[in-house]
Amino acid sequence: MADHFHDVADLRLLKQMQTLAPEEFKAWLELDSIVKREDGAIPRKFRELIAVAVACTTQCPYCVEVHSKAAKATGASREELVEAAFIAAALRAGGAATHGAMALKFFDQE
């Protein structure tokens with residue numbers, strides 16, 4: 001039994017996943033190139049800050065680590081990183097509130 005839910009050793013299982021579904025794995029891996037792309041309409045620094053914010057909402061500890069380090073490497077400040085996390089938190093809270101309204105709608109249905 002693991003001491004905690006997220007165990008970095010689990011990343012070795014990705015190799016098995018690649019073997020079991022090679023085309024899907026390749027497509028998934030290539031998605032990261034969207035973030036790592038050099039400046040497009042959205043500069044790389046902001047791409048990484050967006051990735052950090054999304055990683056906070058999806059709660060992927062590995063993505064949080066990778067994109068936080070990449071954001072720093074592209075010149076993001078600690079303040080920008082924290083603001084991105086709080087923007088993500090605000091949007092996540094907004095989603096919870098609107099889903100609460102949906103729950104109330106369903107509760108009131110006959």
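**Legends to the views of the predicted chain**

**View 1. Burial and surface of the chain.** Of the chain's 110 residues, 15% count as buried, where buried means under 20% relative accessible area with a 1.4 Å probe and only protein chains considered. The accessible surface, computed by the Shrake-Rupley method with a 1.4 Å probe, comes to about 8700 Å², and 65% of it belongs to carbon and sulfur atoms. This is a predicted model, in which local features need pLDDT of at least 70 and side-chain atom pairs count only at pLDDT 80 or more, while totals for chains, interfaces and linings use all residues. Residues are numbered from 1 along each chain as its sequence is written, and side-chain values use heavy atoms, with hydrogens and water left out.

**View 2. Helices and overall extent.** The chain has five helices and zero strands, helices being DSSP runs of H or I with at least four residues and strands runs of E with at least two, numbered from the N terminus. The radius of gyration, taken over C-alpha atoms, is 18 Å, well over the 13 Å that the globule rule (2.2 Å times the number of residues to the power 0.38) gives for 110 residues, so the chain is more spread out than a compact globule. Its C-alpha atoms fill a box of roughly 50 × 35 × 30 Å along the principal axes.

**View 3. Confidence along the helices.** The average pLDDT, the predictor's confidence in each residue from 0 to 100, is 90 for the chain, and 95% of the residues score at least 70. Confidence is lowest in helix α2 (residues 22-36), with a mean of 90, and highest in helix α3 (residues 44-58), at 95.

Technical notes
Buried means under 20% relative accessible area, exposed over 50%, partly exposed in between (1.4 Å probe, protein chains only).
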